[in-house]
Amino acid sequence: MSRARRERRLRAEERWPLLANLMTAHFNEDYAILFGSLDGSFAAATRDGSLEYRRAVLKEWRGWNATEGPVSDIRPFLKDGFSVALFFRSSIEARNFMNRLYDELLIGVKAATQY
């Protein structure tokens, strides 16, 4: 593993441990076996866990987005930092993936807090 890859992984684990764990657990090379499909992975990643946990993941996502998200291509960080094993044809696909994760987490949190 190169030094840059190692540093991305360490940074992810130190700064965004919940988000890094969620990404590694739900979007690894076995996601289709574990969750049936990418949609199944998103459903599990964004709906499982307590409300407090999902809020904490959202907070970490915002922190990640503020520091790592502004780069033009987040694919290296997704692969190395979060161990995401999906193939993104373009940097836009990778950005859309992360935005979908945020949006679905937010929708789930809002739904759980409405009466």
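A: Contact here means heavy atoms within 4.5 Å, and helices (H or I, at least four residues) and strands (E, at least two) are DSSP runs, numbered from the N terminus. It's a predicted model, where local features need pLDDT of at least 70, side-chain atom pairs count only at pLDDT 80 or more, and totals for chains, interfaces and linings use all residues. Residues are numbered from 1 along each chain as its sequence is written, and side-chain values use heavy atoms, with hydrogens and water left out.

Q: OK, which residues of α4 meet α7?
A: On the α4 side, Asp39, Phe42, Ala45, Thr46 and Arg47; they meet Phe97, Arg100, Leu101, Glu104 and Leu105 of α7.

Q: And at what angle do those two pack?
A: About 45 degrees, with the axes of α4 (residues 38-47) and α7 (residues 91-113) 9 Å apart. Axes are lines fitted to C-alpha atoms, for helices over the stretch in contact, and angles run from 0 to 180 degrees between N-to-C directions. So α4 and α7 are oblique to each other; angles under 35 degrees count as roughly parallel, over 145 as roughly antiparallel, 65 to 115 as roughly perpendicular and the rest as oblique.

Q: Where does the charged end of arginine 100 sit?
A: Over the ring of phenylalanine 42, 3.8 Å from the ring centre. The rule asks for NZ of Lys or CZ of Arg within 6 Å of the ring centre and within 35 degrees of the ring normal.

Q: What about α5 and α7, how do they pack?
A: At about 145 degrees, with the axes of α5 (residues 51-67) and α7 10 Å apart. The contact includes Leu58, Trp61 and Trp64 of α5, and Leu101, Tyr102 and Leu105 of α7.

Q: At roughly what angle do α2 and α5 cross?
A: Roughly 100 degrees, and the axes of α2 (residues 17-26) and α5 come within 8 Å. That makes α2 roughly perpendicular to α5. Pro17, Leu18, Leu19 and Leu22 of α2 touch Tyr53, Ala56, Val57, Glu60, Trp61 and Trp64 of α5.

Q: Switching to rings: how many aromatic pairs are there?
A: There are 9, where rings of Phe, Tyr and Trp (its six-membered ring) pair if their centres lie within 6.5 Å; planes under 30 degrees apart count as stacked, over 60 as edge-to-face and the rest as tilted.

Q: Why is the pair of phenylalanine 77 and phenylalanine 82 edge-to-face?
A: Because their planes are at 90 degrees, with the ring centres 5.1 Å apart. Ring pairs also link Phe77 and Phe82 into a cluster with Trp16, Trp61, Trp64 and Tyr102.

Q: Is phenylalanine 82 buried or exposed?
A: Buried, at 0% relative accessibility, and phenylalanine 77 is buried too, at 5%. Buried means under 20% relative accessible area, exposed over 50%, partly exposed in between (1.4 Å probe, protein chains only).

Q: What does arginine 11 contact, leaving aside neighbours within four places in sequence?
A: Trp16, Glu68 and Phe77. Arginine 11 lies in α1 (residues 3-15) and counts as partly exposed at 26% relative accessibility.

Q: One last thing: what's the phi of serine 83?
A: Positive, about 55 degrees, although serine 83 is not a glycine. Serine 83 lies in the loop between α6 (75-80) and α7, and at 28% relative accessibility counts as partly exposed.
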